[in-house]
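Please look over the structure shown here. The report below takes up a residue, a sheet and the helices around them.

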Amino acid sequence: MITGTAGHFCSGLDLSEHVARDAEGTMRHSRGWHQVMERIQFGGLPVVSALFGAVIGGGLELAASTHVRVADPTAFFQLPEGRRGIFVGGGASVRVGRILGADRLTEMMLTGRKYSAEEGLRLGLAHYTVGEGEALEKAQELARRIASNAPLSNYIMIQALARIEDMSKADGLFTESLCAAITQTSPDALEGLAAFLEKRSPNFR
């Protein structure tokens with residue numbers, strides 16, 4: 001679970017820090033954030049984010065690295081870097097670009113456009129919208145549901161799906177077959193089938 005405080009999820013970069021760095025320092029800082037986002041996306045555990053208030057700049061990059069995103073009506077999404085004379089550095093060009101597509105991302109960054117929670121839901125920046133103040137509760141409910149899955153299938157979904165998107169069709173289909181072979185021959189798969197036949201909840205390891 002990732003959420004914010006004091007009315008906002010995350011408003012991103014401290015611009016005073018940006019001004020204090022040279023080109024090499026800025027590049028290394030950006031690459032450090034890439035490592036953080038990779039750890040969230042591919043660390044092996046599903047991550048659910050509860051979004052409210054500002055989800056802008058680095059905050060949107062952080063949210064985009066999570067696997068399930070819940071927004072309340074106060075949430076708004078923005079990449080204002082272009083309006084500040086700079087460029088994103090925490091992975092938005094890739095992760096948010098994968099969600100929106102390059103065309104819409106370009107317009108969003110050029111104009112500094114803000115998207116509301118409902119617009120974000122339609123575009124895929126959020127997966128769920130809820131009433132004001134209800135994002136954390138919904139995120140916890142979803143986290144409990146996800147945690148009841150077999151750990152191996154959760155792990156495979158996290159590791160494989162985003163990478164398959166980057167593959168050719170043939171490579172993606174082959175990778176899918178490998179993932180199916182690993183999960184469908186596991187003890188968890190046997191338990192899941194037995195639980196279904198016995199009309200009970202599975203007891204995954």
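## Ser-177 and its helix

Ser-177 is partly exposed: its relative accessible area is 45%. The model is a predicted one. Ser-177 belongs to helix α9, which spans residues 169-184.

Ser-177 and Leu-51 are 126 residues apart in sequence. In space they are 35 Å apart, C-alpha to C-alpha.

## The open sheet

The sheet is open and has four strands. Their order is β1-β2-β4-β7, and the pairing is parallel. At the edges stand β1 (2-3) and β7 (128-129). Each has a single partner strand, so one side of each lacks a neighbour in the sheet.

Strand β4 covers residues 68-71. Two bridges join β4 to β7, and the two run parallel. Here Val-70 stands opposite Tyr-128 of β7. Helix α7 (residues 135-147) packs on the sheet. Helix α7 touches β1, β2 (48-51), β4 and β7. The direction of α7 makes about 170° with that of β2.

## Helices α8 and α9

How do α8 and α9 pack, and at what angle? Helix α8 (residues 151-165) meets α9 at about 175°, with the axes 11 Å apart. An angle over 145 degrees counts as roughly antiparallel. Therefore α8 and α9 are roughly antiparallel to each other.

From α8, the contact is made by Leu-152, Ser-153, Ile-156, Ala-160 and Ile-164. From α9 come Gly-172, Thr-175, Glu-176, Cys-179, Ile-182 and Thr-183. The residues of this contact divide into six nonpolar, four polar and one charged.

How values were computed:
Residues are numbered from 1 along each chain as its sequence is written. This is a predicted model: local features need pLDDT of at least 70, side-chain atom pairs count only at pLDDT 80 or more; totals for chains, interfaces and linings use all residues. Side-chain values use heavy atoms; hydrogens and water are left out. Buried means under 20% relative accessible area, exposed over 50%, partly exposed in between (1.4 Å probe, protein chains only). Two strands pair if DSSP finds at least two bridges between them. Contact means heavy atoms within 4.5 Å. Axes are lines fitted to C-alpha atoms, for helices over the stretch in contact, and angles run from 0 to 180 degrees between N-to-C directions. Angles under 35 degrees count as roughly parallel, over 145 as roughly antiparallel, 65 to 115 as roughly perpendicular and the rest as oblique. Ala, Val, Leu, Ile, Met, Phe, Trp, Tyr, Cys and Pro count as nonpolar, Asp, Glu, Lys and Arg as charged, and the others, Gly among them, as polar.
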